[in-house]
Amino acid sequence: MTTHLALLIALVPVTLAQYDFSWAPKYDVTKPPATAPAQPLWTQYFKQVNPTAASPDITSCNSPNPLVWGATFDDGPSPSTPMVLDYLKLPNVSVKATFWVIGANVQFLPEVLARTYAEGHQIGLHTWSHSNLSLLSDDQIISELVYSARTVYEVTKVYPKYYRPPYGAIDARVRALANTMGLTAVTWNRDSLDWSYVGKSTLPVMISSVTGTFRGWVASSDPNGLSLEHDLYEDTAAAIPPSMDILIRAGRVIQTVSQCIGDTGPYENTVLRTFFANGFFENPATGNGGVTTTQTSASSASITMVGPSGTVSGPSNNTSTAAAAGGGSSTGGSLDSGNSVSGSSDGSKAKGLSTGGIVGIAVGCGVAVLVGVGGVLGIRYQRKKKADAAAAKQTLGDESAYVTALEPVILFVLQLLSANSYLDASPKTTATTQKPTVQTVPTTTAAVPTATTTTPTTTTTTVPSIQTTTTTVPDPYGGGGAMNFEWAPPAGLAPVHEEWTAYFKQRFPYAVVSPDIESCADSVDPNYWGISFDDGPTENTHVVLDYFAKQKLSTTFWVIGSSVPDAAQTLKDSYAAGHDIGSHTWSHKDLTTLNEDEIVAELVYGARAVFEVTGNIPRYFRPPYGAIDDRVRRVAAQLGLQAVRWALDTQDWANVETNTMQNVPEAFETWIKQGVTRPITLAHDLYPETVAVVAQSMDLLLKAGKRPVKLSQCLDVGSVYGNDALETFFKSGLFQGGGGGGGHKSGKLHPSVARYRASSSSSSGSGSGGISKVARIVG
């Protein structure tokens, strides 16, 4: 650790005051920055020197190459920006993007902006305080843009001619005023909505949702995308690399905004250059006057940075001093929590605080920078959240999140420790985004449970008979006692509970609807095949389990909730063997034909059945028959569920009826010859005939060099479990209070299973195991 600190000493300048922000608007740094102070003379100046300027907004790239994509990141600079920069300069990436920076944030992290510009990325203005320009006076609009431009110039010495209006909110008045300053608005045509997951979803869920959005855009093949993401939050920054990877693998050519619109001079703003050069910024009355203003040091209180419409706050301390070059001393902390390293001589000691495994020095009320020539750098840092007292209601929505703002010197720590991992390059931050009321809620990101992947050393070929006289199954895997299905309603359409629907609508009104998943992720091996089996668990499921255990492979089972109580042990075996479990609703009804209360009930009871056995709540569901529409997607999204359908259908259920099961492996042969890559396939573990052809079909894939995989492998996500919306719901007590229809009536099976048993007990004499007619079950 001493070596790391010594290296930091070599990197840190003797003084941090290489940038002068004394001109910046004065405000209480413990609160969000106010709208920039109006300067009427500035407004008069621009209206007089450039009154007829007109420039239409830019909303997309206009390159003749339809694969060109403008990647843009808003609301920096922040402690998370370096991880994005680290990724963008990787040898196998090496692309340039556009960063829209907030002036009030720049003054606290100028080194981040300096690095961004030095590495060739385009810098654009995002105003001084991220205020909605359409709600401001003319003078305030001009001031917001002028102060923003001044911060960028202070660090980069350039004058941008493009700006992004906060929230994309712009009207003719804002446009005209900005045009007089030589500024053109740039919005977007692809919004990732990444900010909406902050504080609401675990990191894997958020990344999966954002990347799913990008996959949908790529699949649509619409030309010249101009996308919006944020480098303000640690979570949103972590979603940038995988989302950019999707674009790169799809052949998209990532460029800056100026590149994608064919502008070779993004900083040739002669209007702003003349304004600043002639002294109108310092003395708007006469020009060339020059006035000096003072500002409370950024280290005198808790620093508050600006979020999308709220704030991000970090602490500092007004008693910090830099050791003098000749005789001062300081004591800085080590990179490990609880250790301290002495400086050159006597000074006070500061104990180290680990921040996400990155750095923490001197536990206290804030950040303090102590620099002694030949001494040790100490940074006093502690996370702190500061709520925005006023609701930041804007025309296009409300957002609020809080991230830590650090002194510029933290850059060196980030750059040092993030050299090899862009996902771990910035200190941990805690953020909450909630609509419509701006508030701060302490948030803990829970680890996503991962299914046990150990395969039993011996394969059990004896299928246990289904119990029809008990509702409780002992848990042989140490899962915490017995599983209880007293909550379960009888088989059939799940009973509705209007209060459940109201809960999800009120709690998650802005849930983002992700596109349906039908194929594996672009990031996985093209030879991956997502294999899945629907409509279990049944006594036939163990045939599939035995085969996959022998081959040391994993698959996905989409289970019908009402079948689980009578086959709980089979589902437990499936989960314990490391297979992924997803919900196939409670009773296999076509969700598009149900009302919203019924859809909610079907999904809640289906997920609860999975949870009862596995202890995990799924975040994916398969709509019965593959039937889904926008209404179902929206309701499912409020429950934290995303639909997974399929690209290839084995039609195994239909071949049961016609006694032509050989058609199933023949279908796999055809798909292999066609060169299909990364598909998700549909099969069933419901009937003896369908599971009987599994081994032959999978052997064909293996022989052809394909690899059958489960959903988590197929989607390149860590786990298919971890559903914050449903977990919160179950903890609320509404599920227990809502009742379950009087308890599960053991022995009353899913209708398709009942029909199969009835037909198989008859003497039809057919060549398919006595099945005279089987109900059509698709999906």
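Ser 221 sits in the loop between α8 (203-220) and β7 (226-230); helices here are DSSP runs of H or I with at least four residues, strands are runs of E with at least two, and both are numbered from the N terminus. The phi of Ser 221 is near 60°, a positive value in a residue other than glycine. Most residues other than glycine have a negative phi, and most peptide bonds are trans. Ser 221 is also exposed, with a relative accessible area of 54%; exposed means over 50%, buried means under 20%, and partly exposed is in between, all with a 1.4 Å probe and protein chains only.

A word on what you are looking at: this is a predicted model, in which local features need pLDDT of at least 70 and side-chain atom pairs count only at pLDDT 80 or more, while totals for chains, interfaces and linings use all residues. Residues are numbered from 1 along each chain as its sequence is written, and side-chain values use heavy atoms, with hydrogens and water left out.

Now for the overall picture. The protein has 25 helices and 24 strands, and buried residues account for 58% of its 779 residues. Contact means heavy atoms within 4.5 Å. Among the contacts between residues at least 6 apart in sequence, 78% join residues at least 24 apart.

His 230 counts as buried, at 4% relative accessibility. Leaving aside neighbours within four places in sequence, His 230 is in contact with Asp 74, Asp 75, Asp 194, Trp 195, Thr 236, Ala 237 and Ile 240. Thr 236, Ala 237 and Ile 240 are themselves among the buried residues of helix α9, so let us turn to that helix.

Helix α9 covers residues 234-249, and its 16 residues reach 24 Å from the first C-alpha to the last. That is close to the 22 Å expected at 1.5 Å a residue, where the expected span is 1.5 Å times one less than the number of residues. The helix bends by about 25° at Ile 240, and a proline, Pro 241, follows within four residues; the bend is the angle between axes fitted to the seven residues ending at a residue and the seven starting there. Because twelve of the 16 residues of α9 are buried, the helix is largely enclosed by the rest of the structure. The cover over those buried residues includes β1 (68-76), α3 (81-88), α8, β7 and β8 (253-255). Just after α9, Gly 251 takes a positive phi of about 85°.

Two cis peptide bonds deserve a look. One joins Gly 76 and Pro 77, with omega about -5°, and Pro 77 lies in the loop between β1 and α3. Another joins Gly 536 and Pro 537, with omega about 0°; Pro 537 is in the loop between β17 (528-536) and α14 (541-551).

His 588 is another residue with a positive phi, about 65°, although it is not a glycine. It lies in the loop between β19 (580-583) and α16 (596-614). At 3% relative accessibility, His 588 counts as buried, whereas Ser 221 is exposed.

Next, the inner spaces. A search of the whole structure finds seven cavities of 30 Å³ or more. On a 1 Å grid over the protein atoms alone, a cavity is a set of points where a 1.4 Å probe fits but cannot get out, and lining residues have an atom within 4 Å of a point. Grid points are joined across faces, edges and corners, and a volume is the space filled by probe spheres set on the points. The largest cavity has a volume of about 450 Å³. Of the 27 residues that line the largest cavity, Tyr 197, Ser 201, Val 512, Ala 637 and Gly 640 are the closest to its centre. Helix α8 returns here: α8, α17 (630-638), β21 and α23 (724-732) each supply at least two lining residues.

Trp 646 is buried, with a relative accessible area of 14%. Trp 646 and Ile 531 are 115 residues apart in sequence, and their C-alpha atoms are 9.4 Å apart in space.

Note on methods:
1 Å grid on protein atoms, 1.4 Å probe; cavity = no way out; pocket = protein on both sides within 12 Å on 5 of 7 lines; lining within 4 Å.
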